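User: I'm new to this and would like to learn how to read a protein model. Could you walk me through it?

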Amino acid sequence: MQELNQSTVTEFILMGFASNPRTNPLLFTFFLVFYLLILVSNSLLITLIHQDTRLHTPMYFFISVLSMLDMCYTTTTVPQMLVHILSKKRAISFARCVAQMYIFLLFGIIEYCLFSIMSVDRYVAICHPLRYKVIMSPWVCLLMVGICAAYGVLDGLSYTFFAMCLPYCGPNETDHYFCEVPAVLKLACADISLNDLVNIITGFSVIVVPLSLIVLVYVNIFATIMKIRSAQGRIKAFSTCTSHITVVTMFAIPCIIMYMSPGSDSLSNNGKKMALFYNVATAFLNPVIYSLRNKDVNRAFLKLVGRGRAPE
């Protein structure tokens with residue numbers, strides 16, 4: 001471990017995953033294939049939504065935004081991780097670390113905020129179907145996404161500012177594959193109790209508030225669904241919500257563990273694996289979950305590849 005003794009750290013060493021000449025090529029291939037699948041699957045979903053007019057609805061608009069965020073989210077970290085797997089030196093400059101931390105938080109917070117908006121969309125579609133197109137107009141959808149973007153900009157700045165204003169004088173090695181707030185805070189040579197408080201407060205506004213909104217919305221949705229007399233109608237209504245609930249659960253639980261725990265103890269040996277899950281795995285699974293057993297998306301895909309309409 002590099003000792004810098006009271007001097008200012010100019011770079012961080014990202015230990016990432018085990019450096020082994022025998023396993024590194026396999027690890028590189030695995031993550032490269034995974035990353036390419038993320039880009040291809042999300043790009044394909046965006047293309048289908050753009051090309052098929054039947055998918056020009058608020059729900060699919062938000063899904064296309066989610067796919068774009070997933071590609072940006074993973075591109076912030078995965079290419080650098082791939083380079084470091086094959087490289088002997090796994091350093092990142094202080095400035096690049098700050099930039100990566102902020103951009104990662106920016107897209108992550110926007111995505112989490114988007115989940116709450118998508119739940120509101122489902123609420124309007126199920127509880128107020130006759131007014132759905134009026135309430136969820138294109139301008140309203142754009143405004144909602146814009147609010148999420150502003151939310152991400154401000155809260156991302158808050159996280160990054162308080163983390164990087166601390167003195168870093170060594171050691172400078174972190175057992176992670178990118179500059180994430182909990183990992184970097186462990187390297188600060190100062191009391192981080194204020195940062196813990198800031199993280200909890202900011203995490204409450206970024207994670208708990210949107211999650212509470214999602215829970216409240218789905219309580220109302222389920223109450224409305226239970227009033228539907230037809231069993232088939234209830235199943236159809238439930239099916240439109242299961243994909244969203246699954247995605248939110250996969251994304252929210254690891255984020256709560258990582259960012260809402262006091263101190264940096266949450267980032268143990270399994271911390272980078274947990275980050276890998278909500279940074280990479282969810283980006284891969286999102287298009288799969290939203291397209292699996294989705295007749296509209298399947299029809300659009302068959303139309304795109306020239307096989308005409310899918311069977312009803």
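Predicted model: local features only at pLDDT ≥ 70, side-chain atom pairs only at ≥ 80, totals over all residues.

User: Let's start with helix pairs. How do helix 6 and helix 8 cross, and at what angle?

Analyst: For a pair of helices, look at the distance between the axes and the angle at which they cross. Here helix 6 (residues 138-164) and helix 8 (residues 193-226) have axes that come within 10 Å and cross at roughly 170 degrees. Angles over 145 degrees count as roughly antiparallel, so helix 6 and helix 8 are roughly antiparallel to each other. The crossing of helix 6 past helix 8 is left-handed.

User: Which residues in helix 6 and helix 8 meet?

Analyst: On the helix 6 side you'll find Tyr151, Asp155, Ser158, Tyr159, Phe162 and Ala163, and they meet Asn195, Val198, Asn199, Thr202, Gly203, Ser205 and Val206 in helix 8. Sorted by class, this contact of helix 6 with helix 8 has six nonpolar, six polar and one charged residues.

User: Is helix 2 parallel or antiparallel to helix 6?

Analyst: Helix 2 (residues 58-75) packs with helix 6 at an angle of about 30 degrees, and their axes are 11 Å apart. That makes helix 2 roughly parallel to helix 6, because angles under 35 degrees get that label. The crossing of helix 2 and helix 6 is right-handed. Pro58, Phe61, Phe62 and Val65 in helix 2 meet Cys141, Leu142, Met144 and Val145 in helix 6. By class, the contact of helix 2 with helix 6 has eight nonpolar residues, with no polar and no charged ones.

User: And how do helix 4 and helix 6 cross?

Analyst: Their axes come within 7 Å and cross at roughly 145 degrees. Helix 4 passes helix 6 in a right-handed crossing. The residues of this contact of helix 4 with helix 6 divide into 22 nonpolar, three polar and one charged.

User: Now the core. How many residues are in the largest nonpolar core, and which have the most contacts inside it?

Analyst: To read a core, ask which residues belong to it and which elements supply them. The largest nonpolar core has 89 residues, and Phe12, Phe62, Phe115, Tyr168, Tyr259 and Tyr278 have the most contacts inside it. Helix 4 (residues 94-127) gives the most to this core, with 18 residues. For a close-up, take Tyr278: leaving aside neighbours within four places in sequence, its contacts are Tyr73, Phe104, Glu180, Phe251, Pro254, Cys255, Met258 and Tyr259.

User: What about single residues? Is Ser119 buried or exposed?

Analyst: Here you compare the relative accessible area with a cut-off. Ser119, which sits in helix 4, has a relative accessible area of 0%. Buried means under 20%, so Ser119 is buried. Not counting residues up to four places away in sequence, Ser119 touches Ile214, Val217, Tyr218, Ile221 and His244.

User: And is Met274 buried or partly exposed?

Analyst: Met274 is in helix 10 (residues 271-291), and at 22% relative accessibility it counts as partly exposed. Beyond neighbours within four places in sequence, Met274 is in contact with Pro254, Ile257 and Met258. Met274 and Ile257 are 17 residues apart in sequence and 9.1 Å apart in space, C-alpha to C-alpha.

User: Where is Tyr177 found?

Analyst: Look in the loop between strand 3 (173-174) and helix 7 (181-185). With 2% relative accessibility, Tyr177 counts as buried. Among the residues that Tyr177 touches are Leu14, Phe17, Met81, Lys272 and Asn279.

Terms used
Residues numbered from 1 in each chain as written. Heavy atoms only, no water. Axes fitted to C-alpha atoms, helices over the stretch in contact; angles between N-to-C directions. Helix = DSSP H or I, 4+ residues; strand = E, 2+ residues; numbered from the N terminus. Parallel < 35°, antiparallel > 145°, perpendicular 65-115°, else oblique. Left-handed = near helix turned anticlockwise from the far one by under 90°. Contact = heavy atoms within 4.5 Å. Nonpolar A, V, L, I, M, F, W, Y, C, P; charged D, E, K, R; others polar. Core = buried A, V, L, I, M, F, W, Y, C linked by side-chain atoms within 4.5 Å. Buried < 20%, exposed > 50% of the residue type's maximum accessible area, 1.4 Å probe, protein only.
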